[in-house]
Amino acid sequence: MENKKELRNWLTDFGLDHPLVIAGPCSAETEEQLVKIAHQLKDSDVSVLRAGIWKPRTRPGNFEGVGEKGLEWLKTAKEETGLLTTTEVANPAHVELALKHDIDILWIGARTTVSPFNVQEIADALKGTNKTVLIKNPINPDLSLWLGAVERFYTAGVKNLGVIHRGFSSYEKSKYRNNPEWQIPIDLQTKFPDLPLILDPSHIAGNRELLFDLSQTALDLNFDGLMVETHYDPDNAWSDAAQQITPETLIQIMNDLKIKKVVSESEEFMNSLKNLRAKIDISDQLLLEVLSKRMKISDEIGKIKKSQNVAILQTQRWNEILGKMILKGEEQGLSEEFILKLFKAVHMESINHQKR
Ligand code: PEP
Ligand code: MN
């Protein structure tokens, strides 16, 4: 992707604001529902209306979308409100229908991005068009797979591209529906600074409470926009009810978010500083999470040692760990002094956990 600048142009070609805000229901349910939501969003920071027409559900039997007629509703909503429109496409037939109904932006869902065959088919179906495509990350935390999808579209001549970070699934339960794993979009941004990067806090959070903090973090990390699921009656939405918010709540969130203005030369330094500090905050958060995970494992070890009446302190094992960590630390630019201090503290806390 030599011509990275080319990638950002569609944002300005569309005359879109920074940050770009995409909002609308998880799924189009009825024409009235979609058009009503569009009207509630039209005088806000939102410039693109989203609605899923074909819904990829993890298990069969859930609402799977209204299909083609929903594309007509999107068109009506656009005519009445002036909002641009976007929907998910998962195969060439979807692409054909979306093109026929003049949907402005197509997005590739997380369950599609995992499949190079599907991505290639969709990319081929878009050859020769100038559609804008937003590619959600694959559900598994794999940056190459995500970038591979971007490359397939780029190579097919689709140059109006962007990516959506919607979090990554894991078997372990966490407070998120899909873990943000911020390091992945940060790495992506470092590699392709001009590829527009949008946060979908709704599918990361899985609830309403975490949306604000996630969105603020994204803006602090220089993301280019947000995609937020919005419904006038979230509790009764036909899909993803727990995470949807009303248009009013979204407008409130947008007012409360600290959005970086276009910066002047002198502000550049402050901006980079803020960016780096946000990364530090995230690293610290990760550090705490890793330490807490480690202590939970210590708790388990404590239990089995107790059941076998084995002493908590195993000097030989401890010396082995310390030696290994000093060597590894050195490789990673961390001093022996620091590693000793750090691991002694970790070890002490671990012993205390095992004693409990
Ligand atoms: C959606 O946006 O409603 C959706 C299905 O998203 P994802 O592909 O991120 O799960
Ligand atoms: Mn959804």
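Close-up 1. At a relative accessibility of 34%, Leu291 counts as partly exposed; the model you are looking at is a predicted one. Leu291 has its place in helix α12, which covers residues 265-307.

Close-up 2. Welcome to the metal site, where the manganese ion (ligand 2) has Cys26 (SG), His203 (NE2), Glu229 (OE) and Asp240 (OD) as its protein donors. These donors lie 2.1 to 2.4 Å from the ion. Along the chain, the donors of the manganese ion (ligand 2) follow the spacing C-x176-H-x25-E-x10-D. Cys26 and Asp240 link distant parts of the chain, 214 residues apart. Cys26 belongs to the loop between β1 (20-24) and α2 (31-41), while Asp240 belongs to the loop between β8 and α11 (247-256). With a relative accessible area of 2%, Cys26 is buried. Asp240 is buried too, at 15%, which falls under the 20% cut-off for that label.

**Close-up 3. Trp146 meets Phe168.** The count of aromatic pairs comes to three. One of them is formed by Trp146 and Phe168, an edge-to-face pair with 6.4 Å from centre to centre and 75° between the planes. Trp146 lies in helix α7 (residues 143-155) and Phe168 in the loop between β6 (160-165) and α8 (183-191), so this pair ties together parts that are 22 residues apart in sequence. Both Trp146 and Phe168 are buried.

**Close-up 4. Trp182 meets Phe223.** The ring centres of Trp182 and Phe223 are 5.8 Å apart and the planes stand at 75°, so this pair is edge-to-face. Here, too, distant parts of the chain are linked: Trp182 sits in the loop between β6 and α8, and Phe223 in the loop between α10 (211-220) and β8 (225-229), 41 residues apart. Trp182 counts as buried at 9% relative accessibility, and Phe223 is buried with a relative accessible area of 1%.

**Close-up 5. Lysines over tyrosine rings.** Take a look at Lys36, whose charged end sits over the ring of Tyr232, 4.1 Å from the ring centre. Lys159 places its charged end over the ring of Tyr154, with 4.6 Å to the centre of that ring.

Note on methods:
Residues are numbered from 1 along each chain as its sequence is written. Chains are lettered from A and ligands numbered from 1 in the order in which they are written. This is a predicted model: local features need pLDDT of at least 70, side-chain atom pairs count only at pLDDT 80 or more; totals for chains, interfaces and linings use all residues. Side-chain values use heavy atoms; hydrogens and water are left out. Rings of Phe, Tyr and Trp (its six-membered ring) pair if their centres lie within 6.5 Å; planes under 30 degrees apart count as stacked, over 60 as edge-to-face and the rest as tilted. Helices (H or I, at least four residues) and strands (E, at least two) are DSSP runs, numbered from the N terminus. Buried means under 20% relative accessible area, exposed over 50%, partly exposed in between (1.4 Å probe, protein chains only). A charge sits over a ring if NZ of Lys or CZ of Arg is within 6 Å of the ring centre and within 35 degrees of the ring normal. Donors are N, O and S atoms within 2.8 Å of the metal (3.2 Å for Na, K and Ca); water is not among the atoms, so sites may look incomplete.
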